[in-house]
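Please look through the sequence and the model below before reading on. The report that follows starts from a single residue and then widens to the elements around it.

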Amino acid sequence: MRTRPGSSGEGSGPPAPAAGLPPPAERGATVIPDRVVARIAAQAARAAQSRRAAVPPDRGGPGAPHVSAAVRTGSVRLHLTMDLPYPTDVPRVCERIQRDVAERVAQLTGLRVGEVLLTVRRLVTTADSSRGRVR
């Protein structure tokens, strides 16, 4: 079997450095601002809330999750505040939402998610969602 240069049939050594470029450590770093990571996490939290807590998106029930993020040296700490439906298994649903958000943020940003703190703002009954949100 014949292979072309650079195909998978050749040795699996490290890729050759690009001509004229400084070493990777000297090229700089990609910086993702806290607010961008927070928006990504908010989207992931809304999807997880819908999937894990059986909350239909944008149906007048629980409000949108609020998220803050703190990015430091390649890792991020997230704080989520959200509503959950009542009745629900709060500890189990919260754990799954935290895991889903951490995985999605890590996947999309390349950052290590060190902590996901989740605060349940309120529990929403079906009567609350049918009357509209009252504060």
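## Val105 and its contacts

In this predicted model, Val105 touches Val37, Ile40, Ala41, Val76, Leu78, Gly110 and Val113, when residues up to four places away in sequence are not counted.

## The nonpolar core

Val105 also belongs to the largest nonpolar core, which has 26 residues, and it is listed there with Val37, Val76, Leu78, Leu80, Ile97 and Val101 as the residues with the most contacts inside the core. Each of α1, β1, β2, α2 and β3 supplies at least two residues of this core, and α1 gives the most, with seven residues.

## The sheet

Three strands form an open sheet, in which the order is β1-β2-β3 and the pairing is mixed. Because β1 and β3 (112-124) stand at the edges and each has a single partner strand, one side of each is left without a neighbour in the sheet. On average, and with direction ignored, neighbouring strands of this sheet are turned by 15° against each other.

In general, the strands of a sheet pair through backbone hydrogen bonds, and this pairing can be either parallel or antiparallel. Here, strand β2 (residues 75-85) pairs with β3 in the parallel sense over 11 bridges, and Pro85 stands opposite Val124 in β3.

## The helices on the sheet

Helix α1 (residues 34-52) lies across β1 and β2, and it runs at about 135° to β1. Helix α2 (residues 90-109) also packs on the sheet, where it touches β2 and β3, and its direction makes about 140° with that of β3.

Thr81 has a relative accessible area of 16%, and because buried means under 20%, Thr81 counts as buried.

Ala70 is found in strand β1 (residues 66-72), and with 29% relative accessibility it counts as partly exposed, because this class lies between the 20% limit for buried and the 50% limit for exposed. Leaving aside its neighbours within four places in sequence, Ala70 is in contact with Asp34, Ser75, Val76 and Arg77. The C-alpha atoms of Ala70 and Pro33 are separated by 8.7 Å, although these two residues are 37 residues apart along the chain.

Methods: Residues numbered from 1 in each chain as written. Predicted model: local features only at pLDDT ≥ 70, side-chain atom pairs only at ≥ 80, totals over all residues. Heavy atoms only, no water. Helix = DSSP H or I, 4+ residues; strand = E, 2+ residues; numbered from the N terminus. Buried < 20%, exposed > 50% of the residue type's maximum accessible area, 1.4 Å probe, protein only. Contact = heavy atoms within 4.5 Å. Pairing = 2+ DSSP bridges. Axes fitted to C-alpha atoms, helices over the stretch in contact; angles between N-to-C directions. Core = buried A, V, L, I, M, F, W, Y, C linked by side-chain atoms within 4.5 Å.
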